[in-house]
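Keep the sequence and the 3D view open while you read.

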Amino acid sequence: MSNGFNFDFAGKCIIVTGGNRGIGYAFSRACAQAGASVAIIYRSSKDADEVAQKISKEFNVKAKAYKCDVGDDKLVTETFRKIDDELGPVTGLIANAGVSVVKPALELTADDFHKVYNVNVLGVFNTACAAARLWTDRKFQGGSIVLTIVTKVDMFFQFHPSVIGIHYHPGKNAGDSAFSAT
Ligand SMILES: NC(=O)c1ccc[n+]([C@@H]2O[C@H](COP(=O)([O-])OP(=O)(O)OC[C@H]3O[C@@H](n4cnc5c(N)ncnc54)[C@H](OP(=O)(O)O)[C@@H]3O)[C@@H](O)[C@H]2O)c1
């Protein structure tokens, strides 16, 4: 008796931003386990190549790590084209990369806001657009984009009224809107 979901992603190629660690790593593994080729986008982690190789070996699929700042739209477009050539055709995107700055609200600076928005909002917009461009260029209509968001915002504020959230939660919601707009 099956007690879970079964997906067959054979023939698919899925880009997972922030797919080398945390929640994104679980997405990368799940996609590979279902048979997809997986392109992991990371920013600076030293072991991203090893993580990709491990996933590739474990599930006998193609998996490769690509260093790319999702806030840099030109680099994102170039990287997505490279992935499309090397592992593709790309059929899906999991826009998961996200950051926060954890400090008391009164110590947050404009730089902190930019740091969070560049990844959580612009990063989602840039990657969703880059995927959509690949698909419109080849008139492909079966692409899927999944976005990692945040829920329970009210509860979060209730328990952590002054710590984080004033830049992080609106940013995650704006990222959701940026994604919906593409
Ligand atoms: N953790 C939670 O409790 C929680 C709850 C709800 C939602 N979320 C959301 O889930 C997602 C993943 O969270 P997490 O806790 O698993 O994150 P994490 O462990 O902190 O990992 C963040 C990932 O994003 C990548 N990244 C950060 N900035 C980037 C950039 N500019 N360009 C490309 N990649 C970048 C990092 O790459 P490097 O390794 O190279 O730095 C890393 O792979 C985020 O969107 C977060 O907002 C998290």
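**Ligand shell**

The shell around the ligand holds eight nonpolar, 12 polar and four charged residues. Here Ala, Val, Leu, Ile, Met, Phe, Trp, Tyr, Cys and Pro count as nonpolar, Asp, Glu, Lys and Arg as charged, and the others, Gly among them, as polar. This is a predicted model: local features need pLDDT of at least 70, side-chain atom pairs count only at pLDDT 80 or more, and totals for chains, interfaces and linings use all residues. Residues are numbered from 1 along each chain as its sequence is written.

- In total, 24 residues surround the ligand.
- The closest are Gly18, Gly22, Ile23, Ser45 and Gly98.
- Helix H1 (22-33), strand S2 (37-42) and H4 each give two or more residues to this shell.
- H1 gives the most, with three residues.

**Overall layout**

- The chain has six helices and five strands. Helices (H or I, at least four residues) and strands (E, at least two) are DSSP runs, numbered from the N terminus.
- From the N terminus on, the order is β-α-β-α-β-α-β-α-β-α-α.
- Of the 182 residues, 38% count as buried. Buried means 20 or more other C-beta atoms within 10 Å of the residue's own; exposed means 12 or fewer, and partly exposed lies in between, with C-beta atoms placed from the backbone.
- Among contacts between residues at least 6 apart in sequence, 67% join residues at least 24 apart. A contact is two C-beta atoms, placed from the backbone, within 7 Å.

**Strand pairing**

- S1 and S2 run parallel and are joined by five bridges. Strands pair if DSSP finds at least two bridges between them.
- Isoleucine 14 has valine 38 in S2 as its bridge partner.
- The path from S1 through H1 to S2 is a right-handed β-α-β crossover. Right-handed means that, with the strands pointing away from the viewer, the path from the first strand over the helix to the second runs clockwise.
- S2 and S3 are also parallel, with five bridges. Isoleucine 41 pairs with tyrosine 66 in S3.
- S2, H2 and S3 form a right-handed β-α-β unit.
- S4 and S5 run parallel through four bridges, and glycine 92 has serine 144 in S5 as its bridge partner.
- S4, H4 and S5 make a right-handed β-α-β unit.

**Core**

- In S2, six of six residues are buried. Ser37, Ala39 and Ile41 lie on one side, and Val38, Ile40 and Tyr42 on the other.
- The largest nonpolar core has 42 residues. Such a core is a set of buried Ala, Val, Leu, Ile, Met, Phe, Trp, Tyr and Cys residues joined through C-beta atoms within 7 Å.
- Ile15, Val16, Val38, Ala39, Ile40 and Ile41 touch the most other members.
- H4 gives the most to this core, with 10 residues.
- Beyond its neighbours within four places in sequence, valine 16 contacts residues including Phe27, Cys31, Val38 and Ile94.

**Backbone points to check**

- Most residues other than glycine have a negative phi, and most peptide bonds are trans.
- Asparagine 60 has a positive phi of about 55 degrees. Asparagine 60 sits in the loop between helix H2 (48-59) and strand S3 (63-67), and is exposed, with 8 other C-beta atoms within 10 Å.
- Lysine 139 has a positive phi of about 55 degrees. Lysine 139 lies in the loop between helix H4 (110-137) and strand S5 (144-147), and is exposed, with 6 other C-beta atoms within 10 Å.
- A cis peptide bond, omega about 10 degrees, joins glycine 88 and proline 89.

Technical notes: Near = placed C-beta within 6 Å.
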